[in-house]
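This report follows one structure through its hairpin, its aromatic pairs and its nonpolar cores. Please keep the sequence and the model at hand while reading.

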Amino acid sequence: VATNEVRLLVQRVPDFSAGLVFYGPQPAQSSIGNGELCVGGSLTRLPVPVTANNLGTMTFGIDLATAPLGAGPASVTPGSTWYFQAWYRDAGTGAGSNSTNALSITFCP
């Protein structure tokens, strides 16, 4: 938490698709678009959406010092575990969107 150096890399999404990352305090399992919602509890979205590059890769920088990650009920604190997941547009299939697997991160001091 002190170094504030967290980046999430999402790969193998459709080229130039728009997406966002959300996080929550627990795992879950339910349908969302063409995928699974793997994050549960009170969900919080990172403030900046991202567009994939021509290789289907998105990079999300996470600033642990600013809201929502740095203040309030969704703040990351040393020793806390949060579950992160990306949602992205997938215009060529079914519901038009999909999601990644979730990633759990336990934050160290």
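## A hairpin of strands 3 and 4

Strand 3 and strand 4 form a hairpin with two residues between them, and G33 in the turn has a positive phi of about 55°. Strands here are DSSP runs of E with at least two residues, numbered from the N terminus. P27 has V39 in strand 4 as its bridge partner.

The model is predicted, so that local features need pLDDT of at least 70 and side-chain atom pairs count only at pLDDT 80 or more, while totals for chains, interfaces and linings use all residues. Residues are numbered from 1 along each chain as its sequence is written, and side-chain values use heavy atoms, with hydrogens and water left out.

## Aromatic pairs

The structure holds three aromatic pairs, a term for rings of Phe, Tyr and Trp (its six-membered ring) whose centres lie within 6.5 Å, with planes under 30 degrees apart counted as stacked, over 60 as edge-to-face and the rest as tilted. One of them joins Y23 and W82 in an edge-to-face arrangement, at 5.3 Å centre to centre and 75° between the planes. This pair links distant parts of the chain, since Y23 belongs to strand 2 (residues 18-24) and W82 to strand 8 (residues 81-89), 59 residues apart. Both Y23 and W82 are buried, that is, under 20% relative accessible area, against over 50% for exposed and partly exposed in between (1.4 Å probe, protein chains only).

F84 and F107 form another edge-to-face pair, at 6.4 Å centre to centre and 65° between the planes. Because F84 lies in strand 8 and F107 in the segment after strand 10 (103-106), the pair ties together parts that are 23 residues apart in sequence. F84 counts as buried at 2% relative accessibility, and F107 counts as buried at 5%. Ring pairs link Y23, W82, F84 and F107 into a cluster.

## Nonpolar cores

The largest nonpolar core has 22 residues, and those with the most contacts inside it are M58, I62, L69, F84 and F107; such a core is a set of buried Ala, Val, Leu, Ile, Met, Phe, Trp, Tyr and Cys residues joined through side-chain atoms within 4.5 Å. Strand 1 (6-10), strand 2, strand 7 (58-62) and strand 8 each supply at least two residues of this core, and strand 8 gives the most, with four residues. Apart from this core lies another, of six residues, among them L20, F22, V39 and Y83.

How values were computed:
Two strands pair if DSSP finds at least two bridges between them.
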